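Here is a guided walk through one model, taken a stop at a time.

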Amino acid sequence: MTTPFWCVLAVLLLPIFLAFTGGYFRGKAFGTADNKNPRAQAAKLEGTGARAYAAQANAWEAAILFPATVLTTHAAGLAAEAAAPWAIAFVVFRILHGVFYIQDLDKARSAAFMGGMVCIVALFVKAA
């Protein structure tokens, strides 16, 4: 499997990791996680816990765009070696995005988001 496809796996696992992070904050805030209605309980979170869940939601959105980009560039014939630096950079930006989101660093979070979008555009341009 090529590096860009390993990066797809990383991007798909990131929201799951963030869900566990959010679950930690739910347990901390409420004592136990409400597994019957977890979204309602998560909606009551404030501060860091709420940001962890928001980061998770945003990571799921990225988990749609990035795999489609990698599959498109692969189908267009872009060599994995040419795509790899951009794919790795995307993963790094997405990890930073989650960290910055949880830490409430809004400008850094936005910069990480934009960095990831630059990687997406660059992959399409390179595949053209």
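**Starting from a histidine**

Let's begin at H97, which sits in helix α4. Helices here are DSSP runs of H or I with at least four residues, strands are runs of E with at least two, and both are numbered from the N terminus. H97 counts as buried because its relative accessible area is 3%; the cut-offs are under 20% for buried, over 50% for exposed and partly exposed in between, using a 1.4 Å probe and protein chains only. Leaving out neighbours within four places in sequence, H97 is in contact with N58, R109, A112 and F113, where contact means heavy atoms within 4.5 Å.

Before going further, a word on what you are looking at. This is a predicted model, in which local features need pLDDT of at least 70 and side-chain atom pairs count only at pLDDT 80 or more, while totals for chains, interfaces and linings use all residues. Residues are numbered from 1 along each chain as its sequence is written, and side-chain values use heavy atoms, with hydrogens and water left out.

Now zoom out. Reading along the sequence gives the pattern α-α-α-α-α. The C-alpha trace spans about 50 × 30 × 15 Å along its principal axes. Of the 128 residues in the chain, 38% are buried. Take the contacts with a separation of 6 or more: residues 24 or more positions apart account for 74% of them.

How do the helices sit against each other? Two packed helices are described by the angle between their axes and the distance between the axes. The axes are lines fitted to C-alpha atoms, for helices over the stretch in contact, and the angles run from 0 to 180 degrees between N-to-C directions. Start with α1 and α4, which pack at an angle of about 10° with their axes 8 Å apart. That makes α1 roughly parallel to α4, since angles under 35 degrees count as roughly parallel, over 145 as roughly antiparallel, 65 to 115 as roughly perpendicular and the rest as oblique. The residues in this contact divide into 15 nonpolar, two polar and one charged. If you want to click on some of them, the α1 side includes C7, V11 and L14, and the α4 side includes A87, F90 and R94.

I95 is another of the α4 residues in that contact. With 42% relative accessibility, I95 counts as partly exposed. I95 and P15 are 80 residues apart in sequence, yet their C-alpha atoms are 9.9 Å apart in space.

Helix α1 (residues 3–30) also meets helix α3 (residues 47–75): their axes come within 8 Å and cross at roughly 170°. That makes α1 roughly antiparallel to α3. This contact has 22 nonpolar residues, seven polar and one charged. Have a look at Q56 in α3, which counts as buried at 14% relative accessibility. Not counting residues up to four places away in sequence, Q56 touches P15, L18 and A19.

Which residues line the largest pocket? They are A19, R26, P38, R39, A42, Y53, Q56, A57 and W60, so Q56 turns up again here. A pocket is found on a 1 Å grid over the protein atoms alone, as an open set of points where a 1.4 Å probe fits, with protein on both sides within 12 Å along at least five of seven lines; lining residues have an atom within 4 Å of a point. About 240 Å³ of space lies in this one. Helices α1, α2 (38–43) and α3 each supply at least two lining residues, and the largest share, four residues, comes from α3. By class, the lining has six nonpolar, one polar and two charged residues.

Finish with two loop residues. N35, in the loop between α1 and α2, counts as exposed at 69% relative accessibility. D104, in the loop between α4 (80–102) and α5 (106–127), has a positive phi of about 65° although it is not a glycine. At 46% relative accessibility, D104 counts as partly exposed.

Conventions
Nonpolar A, V, L, I, M, F, W, Y, C, P; charged D, E, K, R; others polar. Points joined across faces, edges and corners; volume = space filled by probe spheres on them.
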